Amino acid sequence: MKQVVQNYKSGELAVLDVPVPGCKPGGVLVRSAYSLISTGTELMKVSEAGMSMLGKARSRPDQVAKVMQSVATNGVPATYRKVMGKLDSYTPLGYSLCGVVEQVGAGIDDVKVGDLVACAGNEHALHAELNWVPKNLYAPVPDGLAPRHAAFGTVGSIAMQGVRQGEPQLGEVALVIGLGLIGQLVVQLLTAAGVRVVGADPDPTRCELAERLGAAACGDPASAAVEAAVAELTDGHGVDQVFLAAGGGSNQPVELAARLARDRGRVVDIGKCRLDLPWNAYYEKELDVRFSRSYGPGRYDPSYELEGRDYPIGYVRWTERRNLACFLDLLARGSVDVEPLVSHLADFDDAVETYRRLKDGELKAVAVLFRYPEQTEEAGEPEAPAVAVPAVPRGTRASAPARSAKTPVRLAFVGAGNYATSMLLPHLAQREGVELSTVVTTTALSAANAQRKFGFANATTDLDAVLGDKSVDAVFVVTRHSSHAELTRQALLAGKTVFVEKPLALTEDELAGVLAAVEESGNDRLQVGFNRRFAPLLQEAKERFGARTGPANLRYLVNAGKLQHGSWYLQQGAEGSRFAGEGGHFIDTASWLLDADPVSVYATAAPGNEDLQVVLRYPDGSTATVSYVTTGAPGFPKETLDLVADGKVLRLDDFVRASVHGRKKWVSSRLPKARDKGQNAELAAFIKAVRTGGPMPVPLESLVATTAATLAVQAGLAGGVPVTLARTP
């Protein structure tokens, strides 16, 4: 299929051929009929992409702050790779469309194949021929409403949420500053609600359009016409609400709002404009400044947008989806008319030229629609349901046939997210004797990006095609945590050597399913991405520490920090707890240093189960305490470790420096460039095992023991007592 994309580093716009997205549970696959260009938000993004790196930094100081924090935590080289990887990637455009349901995912019962729906979301309602849209980001189109009009649903919801924040009453007077697409819709919504409207915009054609659509008067904000109209309509008291629907760097809209609002009036910010509030003016009138958050309640809440959890109507009357449905209803009943806003209708294949004309000012438009051609190709078959396999012990294939030194090891990647593209693929793309065969994703654009940047021969959304490809030697599973066990199970049954990023499983049943696949296939060729045991600095420190004769005490402090709002790690219902996702790293490192697997786990937590203390006991009496905290100082190192035994101490400082204190003291030189946490060495060991057919880098027993210990943490938190890790036959 085709999709409009932009490279934020170079500014390049393209209509790219990308794989068809998969139809996941909890949503529908929609074939686009019309999609709307937001001439404000999207053109701002297009313009930013054309700036220099300094210009980009100045326009997004919030992102600069995140980069500086990443430098403090991960070092300059890793941060540079991460930032440049994001910049030099194709990103999607679009967030408002109307289309026809082509496939219905599991759990969806309110629409069927062939239904017309309006869709929202800058990750789901893209300028693309096909989009997967979760339940709370689409709404059925009422009978009789034209698809091109329904494509305005998202921007209509944005305008509607702004109006709701102003709490207009019948007979009041409002001022709308900025008469672009959103401003024009705000004018109509206010008029439909019985509010008299004054508009302000320097463009006379937009002022004329707003008056035709219901505004009482409009004019240039720099002229006296707007103030005169406000004075006449309000008897000199000022407007009840001001809606800031303008963009740009001028502070004029904020100052005009203060001047023309009545005492204790409301000022609602809908657009993205400068907000240097003149203190005296806002203080003396005690103005109520409010912000309107996009489409409404539910926006930026992953549990609402991605997991389909609705808010009870008794507590939240107007959510994103209800706003969308309400706006479609107003369109269908003729209370709002969007046809006069359509300045240009472009064929989807002409998208790049259309954006160029808009950016250069050659095309003056309030709203531009892309019209999609009818398609006949199949959208792809839904994924086969998982098959329950009884839990069994283990398989028998601990080795594989060796490959010729001249024959490349062919790898497939399932998933191409941030970790895969910043920590794994850069090491593999340049490795001699490795061929990147196929990348598989459910999001079409990420597959295309990975193919372009790392040289994959193929990009697809069809997992079965990869598992059935006998030329693929090994499969990397680098997806979200909830899918690791099932994808690993399928790859093992297909006879592939598997590298799965941690965690291997989120439940005991998932772990049993993986082992059942091992038994059924006889395929033991499995590696979990526990990379820290491969870190050169830690390996040298362990060697210098030497063998132990008595039990050891190990302390591992993980200064994990707070997650950013919206991170999928917060989706604990679907993806497991944060510790379940990454705690295996630290348990594996401790077990490797102590040369044993734990026999019991005790876990306790601070309120909210975010700050954890995990105590692991080992057969020889050794203990390891993992302190996993989110409330530490952001500038403190992420990982510090101390191992004490036999009159010796091993110290690791965040994979930057290590030391061993005993009869002789050894201190490593500080790493000059970056923290090496072992990914490259781990991948080298894995590729060697695939090529030679020799044993896997980490025994399967150790991988299972670490996974079981990680799962036992949650059980320990629930029970408040130590959990024994009993070995079963």
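Predicted model: local features only at pLDDT ≥ 70, side-chain atom pairs only at ≥ 80, totals over all residues.
Let's start with helix α6, residues 153-166. With 14 residues at 1.5 Å each, α6 should span 20 Å, and its end C-alpha atoms do sit 20 Å apart, so the two figures agree. Twelve of those 14 residues are buried, so α6 is largely enclosed by the rest of the structure. Among the buried ones are G153, V155, I158, M160 and Q161, along with G166.

Next, the strands. β13 (261-269) has a parallel partner in β12 and another parallel partner in β14. Here is how the two pairings line up:

| Strand pair | Bridges | Orientation |
|---|---|---|
| β12 (residues 239-244) and β13 | Five | parallel |
| β13 and β14 (residues 288-291) | Four | parallel |

As for who faces whom, V239 stands opposite A261 in β13. To get from β12 to β13, the chain goes through helix α10 (residues 252-260), making a right-handed β-α-β crossover. Further along, V268 stands opposite R290 in β14.

Finally, the surface. L275, L277 and F291 make a nonpolar patch of about 260 Å². Where does L275 sit? It's in the loop between β13 (261-269) and α11 (279-285). L275 has a relative accessible area of 30%, so it counts as partly exposed.

Terms used
Residues numbered from 1 in each chain as written. Heavy atoms only, no water. Helix = DSSP H or I, 4+ residues; strand = E, 2+ residues; numbered from the N terminus. Expected span 1.5 Å × (residues − 1). Buried < 20%, exposed > 50% of the residue type's maximum accessible area, 1.4 Å probe, protein only. Patch = residues over 30% accessible without salt bridge, like charges linked within 9 Å, V, L, I, M, F, W, Y side chains within 5 Å. Areas by Shrake-Rupley, 256 points an atom, 1.4 Å probe, with all protein chains shown as cover. Salt bridge = Lys/Arg side-chain N within 4 Å of Asp/Glu carboxyl O. Pairing = 2+ DSSP bridges. Right-handed = clockwise from strand over helix to strand, strands pointing away.
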